[in-house]
Amino acid sequence: MEYNDSDAGRALGERAREFMDEIVLPVEREHSGDGPVSDAIIEELRQEARERDVYCPQINKEHGGLGYDFRDVLPLFEQAGRSLLGGPAMRVAAPDEGNMHTIELVGTDQQKQEWLEPLVAGEIDSAFSMTEPRGGAGSDPKMMQTVAEKDGDEWVINGHKWWTTQGSEADVFIVMARTDMDAHPYEGTSLFLVPANMDGVEIVRDIPHLGPSIVHESHAEVKYDNVRIPEENLLGTENEGFTHAQERLGPARLTHCMRYSGMARRALEVAKAYLSDRTAFDSTLADKQGPRFAIAEEEVQLHAAGTMVRDAAVKIAAGERARHEVSACKVFTANACQDAIDTALQMCGGSGISKDLPIADFYESVRAFRLVDGADEVHKRTLARAAFEDVATEELTNLPEFGQ
Ligand SMILES: Cc1cc2nc3c(=O)[nH]c(=O)nc-3n(C[C@H](O)[C@H](O)[C@H](O)COP(=O)(O)OP(=O)(O)OC[C@H]3O[C@@H](n4cnc5c(N)ncnc54)[C@H](O)[C@@H]3O)c2cc1C
């Protein structure tokens with residue numbers, strides 16, 4: 001297990017910490033409770049991030065990023081999670097971060113020029129459109145109903161998606177659709193780059209949802225009705241959409257773990273400040289063993305989560321799929337972060353619920369983490385399948401059979 005961060009990663013993380021403490025957190029405190037901050041404020045934060053060399057570190061330099069590898073960006077991603085403004089400011093927030101990664105990985109030079117570089121620059125936004133309403137793809141993506149058919153030198157897409165994060169603001173969608181109905185879905189599905197302004201792309205609505213208020217977080221229901229796109233908008237290899245989606249989701253699950261770990265740590269920072277400041281029953285709350293032990297227990301959990309993230313990230317950076325490590329890390333971290341944020345909220349009393357502190361927003365954000373990128377149960381299913389692969393029945397040799 002490789003726990004230590006590299007020198008380059010530490011230096012990047014330290015710059016990110018300073019950026020968060022000096023620039024982002026003061027802006028967050030100023031706007032806490034006001035509703036979503038404006039695009040202009042996000043752009044100001046991005047400008048500062050560019051000047052401090054913490055902007056889009058995960059993308060190669062030739063496309064406008066800083067060119068750090070997956071393992072080295074980890075400390076920065078954790079820092080970014082300390083505020084809901086950190087990810088957008090450093091251009092490491094979902095879903096753009098995962099989408100940029102996918103285009104960089106499997107896109108053509110033309111696609112990188114047309115979509116990746118403006119995404120890195122923050123000039124456009126993107127969305128990933130896989131999940132479908134009842135009867136379609138969800139936890140089981142094999143249920144996918146959206147279809148893309150070849151017609152001359154065009155693809156024609158028909159389908160109905162929802163939970164397409166940032167769909168109503170996106171300039172381009174990565175849409176997943178069946179392309180070979182005779183093949184198993186895992187071998188007959190492809191990814192497409194669909195510009196949002198194409199005829200037939202309809203944003204049905206933004207789904208009303210539980211979620212934080214300091215950022216505008218939207219999840220759209222989208223219909224694709226005879227949407228015609230040029231054949232060169234196929235992203236990656238035809239019929240290998242599931243492979244590409246996994247290449248996206250493995251790292252994306254881990255970057256979610258990194259950001260949410262940072263969020264949970266910040267929640268504990270806020271709670272510790274509150275406990276140290278607030279006096280009740282003759283001493284500060286921080287002097288009482290109950291709150292101290294509660295915080296210590298959450299720090300143990302977050303330390304374990306950080307270790308699991310690092311272990312999986314080393315393997316991903318080395319080109320391994322690390323499916324089981326990522327699944328174990330995702331389940332553990334999502335639950336650890338949810339528990340830590342809930343505890344932090346409790347420690348702050350009524351103030352924990354108020355939007356004067358960031359914890360209420362964190363609480364509304366973290367709940368979705370146990371669902372996105374695969375619900376807890378789906379990852380446990382993967383882990384359980386491996387766990388039960390080679391069961392040694394010899395272990396039961398000494399047990400008598402019934403009636404013997
Ligand atoms: C905030 C948010 C953002 C999202 N962003 C995107 C996005 O940008 N793009 C996109 O395509 N999708 C997105 N999603 C969709 C997300 O990936 C799905 O919600 C998730 O995969 C679960 O699918 P489902 O909602 O259809 O649940 P279902 O498939 O209906 O499952 C419901 C529940 O059943 C249980 N379950 C499922 N399978 C099993 C099993 N085998 N054994 C035991 N229990 C099981 C789980 O508890 C699961 O939560 C987002 C979702 C949320 C909440």
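Me: Into which domains is the protein divided?
Reply: This is a predicted model. The chain has a domain 2 at 126-235 and a domain 3 at 242-387.

Me: How far apart are the C-alpha centres of domain 1 and domain 3?
Reply: The two domains touch: 17 residues of domain 1 are in contact with 22 residues of domain 3. Their C-alpha centres are separated by 19 Å.

Me: How many residue pairs are in polar contact across the interface of domain 1 and domain 3?
Reply: Salt bridges between these domains number three. For polar contacts, both residues must be at pLDDT 80 or more. The rule then finds seven residue pairs.

Me: Which helices each supply at least two residues to the side of domain 1 that touches domain 3?
Reply: The residues on this side divide into seven nonpolar, four polar and six charged. Two helices each give at least two residues to it: α1 (7-31) and α3 (74-80).

Me: How close are the N and O atoms in the salt bridge of arginine 266 with glutamate 28?
Reply: A salt bridge needs a side-chain nitrogen of Lys or Arg within 4 Å of a carboxyl oxygen of Asp or Glu. Arginine 266 and glutamate 28 form one. Their closest N and O atoms are 2.9 Å apart.

Me: Arginine 310 and aspartate 5 form a salt bridge; how many residues apart are they?
Reply: The whole structure holds 26 salt bridges. In this one, the N to O distance is 2.9 Å. Arginine 310 sits in helix α8 (residues 289-317), while aspartate 5 is in the segment before α1. The pair links distant parts of the chain, 305 residues apart.

Me: Which residues come nearest to the ligand?
Reply: Polar side-chain atoms of threonine 131 and threonine 165 lie 2.6 Å and 2.7 Å from a nitrogen atom of the ligand. Tryptophan 163 uses a polar backbone atom, 3.0 Å from a ligand nitrogen. Of the 16 residues around the ligand, the nearest are Phe128, Thr131, Trp163, Thr165 and Glu377.

Conventions:
Residues are numbered from 1 along each chain as its sequence is written. This is a predicted model: local features need pLDDT of at least 70, side-chain atom pairs count only at pLDDT 80 or more; totals for chains, interfaces and linings use all residues. Side-chain values use heavy atoms; hydrogens and water are left out. Domain bounds come from an automatic or database domain assignment. Contact means heavy atoms within 4.5 Å. A polar contact is a pair of N or O atoms within 3.5 Å; within protein, one must be able to donate a hydrogen and the other to accept it, and residues adjacent in sequence count only if both atoms are side-chain atoms. Helices (H or I, at least four residues) and strands (E, at least two) are DSSP runs, numbered from the N terminus. Ala, Val, Leu, Ile, Met, Phe, Trp, Tyr, Cys and Pro count as nonpolar, Asp, Glu, Lys and Arg as charged, and the others, Gly among them, as polar. A residue is near a molecule or strand if one of its heavy atoms lies within 4 Å of it.
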